[in-house]
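Work through the exercises below with the sequence and the model side by side. Try each task before reading its solution.

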Amino acid sequence: MPVNKKIRELQEKREKVLLGGGEQAIEKQKAMGKRTARERIMALLDENSFNEYDLFVEHDARDFDMDKKSLPSDGVIIGSGTIYGAPVAIFAQDFTVAGGSLGLMHSRKITKIMDHALKMRMPLIGINDSGGARIQEGVNSLAGYGEIFFRNTISSGVIPQLSVILGPCAGGAVYSPALTDFVFVVDNISKMFITGPEVIKTVLGEEISMEDLGGARVHSEVTGNAHFFAMSEEECFDQIKKLITFIPWNNSQKARAFEPGEPKPEYNINKIIPEDPTLPYDVKDVIRAIVDNSDFFEIMELYAKNIVIGFGRMGGRTTGFVANQPLEMAGVLDVDSSDKAARFIRYCDAFNIPIITLVDLPGYLPGVDQEHAGVIRHGAKVLYAYSEATVPKLTVILRKAYGGGYIAMSSRHLRADFVFAWPSAEIAVMGPEGAANIIFRKEILSSADPDGMRKQKVEEYKTKFANPYVAASRGYVDAVIEPSETRKFLMHSIEVSENKDVSMPYKKHGLPPF
Amino acid sequence: MNKNDNLGFLNIDTSLYQTRISNKFLNRKPYTPVDHKIILSFIPGTVLHILVKPGQAVAKGDDLMILDAMKMQNKLKCVMDGTVKSIAVKEGDKVSKGTVLLELE
């Protein structure tokens, strides 16, 4: 056979496989508002950067007439490419081929690209769109999932792992995304659950739609399983691309540096915070008044809104932000916000990203439901995460820092490298009202005018203790600074922390309270 | 700030903070102490057999019902000596978690 004929043979073979499940199945996919697996990869990666592997892999299952069925590429596309020049390994399940069901060879393709990503120390992106296990392949299909979960775990903290849910992801399959760093979901397209609506109806008689059980909104607002919510696949891909610019390729590198830029003047840092500590404001405005170009990339925007997490840049360098949000639930720490913050702190620590913590919280949320939901062990995660983190830790106390909340929010005592406080800071064992009621209980009760006496004592306490100077006099705060000096102090702190080196006692691993 | 809509107040250590209140907080269930006289389904399932009748005297440890759930036949045991006051379900009923099955007195 002449060479050009052989080349043509390859081209023909490729063309056949590239159609995936065929035109009918593709039409069905489009009718659901979804792109095909290959279109998704092309939309996400830099133009012409995709190298595909294992195009000709096929299953060899025999039971249930499987030997008569050919499944192109076994229902999953794998390869590598670049996003803004950064190398990424990628797999995308192809719903048009047997519903993207996971059989042995399908799973081997995924684990091949996972092994590749770990060996080459590059980020892994998984696009999930699958009906679940390929039942005909029985326990082989379960083995396939197990091999994926194992690799997700071993790669965790070494390479960034992103999961994109662009279709159903049900049963055991959900545990791969859950083990990865960031989960992206799209309204009306993503569906994640352990047991679906049909089983729930049969067993319990409870009726619920797929969307209400495990749709994108549910996982973004209620469960906290998803980190990024988008209205369309296109918006979702933009979020992924933006995230990739903020994170390093692996845990031995730092994120790429960008050209620094000043914050926009419309975020006037002197005018954001009301003086009265019981009045709300949007702490994101403070972040935007500090970061390069006022560009703050928020993570888990819709979940546990009383704490804000996300990335920004300081002098061109990626920085993680953790901030209490007085606008939502007074910025308290509770079960959900502790979970959210602790995981993000550990992410930043794993990938060499300095953490800036902005503090303004009255304490922990009171309530039977919180206590019974385990606010003790969940709250402890924040202390654990801050204490064990060895990346540069910078803290700015904006206003309230009361009691346990003060300690938890990256205090000096948990080894923050730099602690700054604004003149509006109130660093105290508790709020003035509560403190005065306890300390001056006798005076208040025995007074002829208890209310007047209470007010007087609250004022006394405020003047004496509701300020940053008591903490500053002990060196718990390194400097009391004007709001307008914040960016300057933080940039300098990050600069001098460049070569931070602390050593921890040897351990196999710690036991964080999860 | 034009984001001040839906602001309420939250009491932390006797201070009232003006802030948005989450749905989760608004919808939280008020705490009620556990009443040991009311037997609830501890798992969703199907009532397979009812082994007692209203008015029957029962002792701690007696089997009251068999609840078929998660491919297991779960025996519901009596937690105290007493009398069956009423039975709220019949055999074959599908029950969700926390459904009242039976009341003792």
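**Exercise 1: Domains of chain A**

Task: into which domains is chain A divided, and how do domains 1 and 2 meet?

Solution. Chain A is divided into domain 1 (3–246), domain 2 (269–431 + 467–496) and domain 3 (432–465). These bounds come from an automatic or database domain assignment. Residues are numbered from 1 along each chain as its sequence is written, while chains are lettered from A and ligands numbered from 1 in the order in which they are written. The model is predicted: local features need pLDDT of at least 70, side-chain atom pairs count only at pLDDT 80 or more, and totals for chains, interfaces and linings use all residues.

Next, take the centres over C-alpha atoms: those of domain 1 and domain 2 of chain A are 36 Å apart. The contact takes 10 residues from domain 1 of chain A and 14 residues from domain 2 of chain A. Two residues are in contact if their C-beta atoms, placed from the backbone, lie within 7 Å. On the domain 1 side, α9 (216–223) and α10 (233–246) of chain A are the elements that give two or more residues. That side divides into three nonpolar, four polar and three charged residues. Here Ala, Val, Leu, Ile, Met, Phe, Trp, Tyr, Cys and Pro count as nonpolar, Asp, Glu, Lys and Arg as charged, and the others, Gly among them, as polar.

**Exercise 2: Where the chains touch**

Task: which strand of chain B gives the most to the side that touches chain A?

Solution. Count the contacts: 21 residues of chain B meet 26 residues of chain A. Strands β1 (7–12) and β2 (15–20) of chain B each supply at least two residues of the chain B side. β2(B) gives the most, with six residues. By type, the chain B side holds 10 nonpolar, six polar and five charged residues.

**Exercise 3: The largest core**

Task: which residues touch the most other members of the largest nonpolar core?

Solution. A nonpolar core is a set of buried Ala, Val, Leu, Ile, Met, Phe, Trp, Tyr and Cys residues joined through C-beta atoms within 7 Å. The largest has 131 residues, and Phe184(A) and Ile345(A) touch the most other members. Helix α12 (residues 335–350) of chain A gives the largest share, seven residues. Beyond its neighbours within four places in sequence, Ile345(A) contacts Val322(A), Ile355(A), Ala385(A), Tyr386(A) and Ala389(A). Another core lies apart, with 14 residues, including Val58(B) and Leu76(B).

**Exercise 4: A sheet in chain B**

Task: which strands stand at the edges of the open sheet in chain B?

Solution. Four strands of chain B form the sheet in the order β3-β10-β8-β5, with antiparallel pairing. Strands pair if DSSP finds at least two bridges between them. β3 (38–40) and β5 (57–58) of chain B are at the edges with a single partner strand each, so one side of each has no neighbour in the sheet. Two bridges join β5(B) to β8 (residues 82–87) of chain B. Val58(B) has Gly82(B) as its bridge partner in β8(B).

Methods: A residue is buried if 20 or more other C-beta atoms lie within 10 Å of its own, exposed if 12 or fewer, and partly exposed in between; C-beta atoms are placed from the backbone.
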